[in-house]
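The sequence and structure are shown first, and the description follows.

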Amino acid sequence: MQENKTYYLYVKGQKVEVSEEIYRAYVQPERKQRMREYRAKDSISVTSIEGLSEKGFEIEDESQDFVAALIESEEHSEELSKLHAAIEQLSERDRRVVQLYYFEGKTQQEIAVILGIAKSTMSELLPRILLRLKNFL
């Protein structure tokens, strides 16, 4: 059994009985508006940097720093590629010296022992290798 509900609207401060159809037609747009306002409160809005500054937010534009870092990274990567290509141009022994000295941190004395050469020969070898690398670059 369905209960008969009575619907009321206030018109100029007076309670007026209305049909369910009129009540829903009047209340539905109001509910939708409240729901839109509720959702808008929780949503993220996008604004410009200038708009944020006008609202009192301090904005630091780091985009130029990012671009500079990106360019620097690309230049560094390009230089590394050139260096690797130059190292590939060296003889096997010279590549080994570069590997041991610059990448593994061995001393000239340690490298001389590993390669079985005199320390004085090693002392002359390293500057020549560096000169060849500079010429390749």
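## Salt bridges and aromatic contacts

In this predicted model, Arg93 counts as partly exposed, with a relative accessibility of 41%. Asp94, by contrast, is buried at 3% relative accessibility. The two side chains meet in a salt bridge, with 3.8 Å from N to O. Asp94 also forms a salt bridge with Arg132, where the closest N and O atoms are 2.2 Å apart. This second pair links distant parts of the chain, since Asp94 belongs to helix 4 and Arg132 to helix 6 (residues 119–136), 38 residues apart. Arg132 is partly exposed, at 33% relative accessibility.

The structure holds three salt bridges, listed below.

| Salt bridge | N to O distance |
|---|---|
| Lys82 and Glu78 | 3.8 Å |
| Asp94 and Arg93 | 3.8 Å |
| Asp94 and Arg132 | 2.2 Å |

Lys82 and Glu78 both lie in helix 3, four residues apart, which is about one turn of the helix. An α-helix has 3.6 residues a turn, so residues three or four places apart point the same way. Both partners are partly exposed: Lys82 has a relative accessibility of 45%, and Glu78 has 48%.

Helix 3 (residues 63–89) also contains Ile71, which is partly exposed with a relative accessible area of 43%. Together with Phe66, Val67 and Leu70, Ile71 makes a nonpolar surface patch of about 380 Å².

Helix 4 (residues 92–103) has 12 residues. From its first C-alpha to its last, helix 4 reaches 15 Å, close to the 16 Å expected at 1.5 Å a residue. Its buried residues are Asp94, Val97, Val98 and Leu100. Gly105 follows helix 4 and has a positive phi, near 70 degrees.

Which aromatic contacts are present? The structure holds one aromatic pair. Tyr101 and Tyr102 form this pair in an edge-to-face arrangement, with 4.8 Å centre to centre and 85 degrees between the planes. The arrangement counts as edge-to-face because the angle between the planes is over 60 degrees. Tyr101 is partly exposed, at a relative accessible area of 29%, and Tyr102 is also partly exposed, at 42% relative accessibility.

Another ring contact involves a charge: the charged end of Lys15 sits over the ring of Tyr8, 4.4 Å from the ring centre.

Conventions
Residues numbered from 1 in each chain as written. Predicted model: local features only at pLDDT ≥ 70, side-chain atom pairs only at ≥ 80, totals over all residues. Heavy atoms only, no water. Phe/Tyr/Trp six-rings, centres within 6.5 Å; stacked < 30°, edge-to-face > 60°. Buried < 20%, exposed > 50% of the residue type's maximum accessible area, 1.4 Å probe, protein only. Lys NZ or Arg CZ within 6 Å of the ring centre and 35° of its normal. Patch = residues over 30% accessible without salt bridge, like charges linked within 9 Å, V, L, I, M, F, W, Y side chains within 5 Å. Areas by Shrake-Rupley, 256 points an atom, 1.4 Å probe, with all protein chains shown as cover. Salt bridge = Lys/Arg side-chain N within 4 Å of Asp/Glu carboxyl O. Helix = DSSP H or I, 4+ residues; strand = E, 2+ residues; numbered from the N terminus. Expected span 1.5 Å × (residues − 1).
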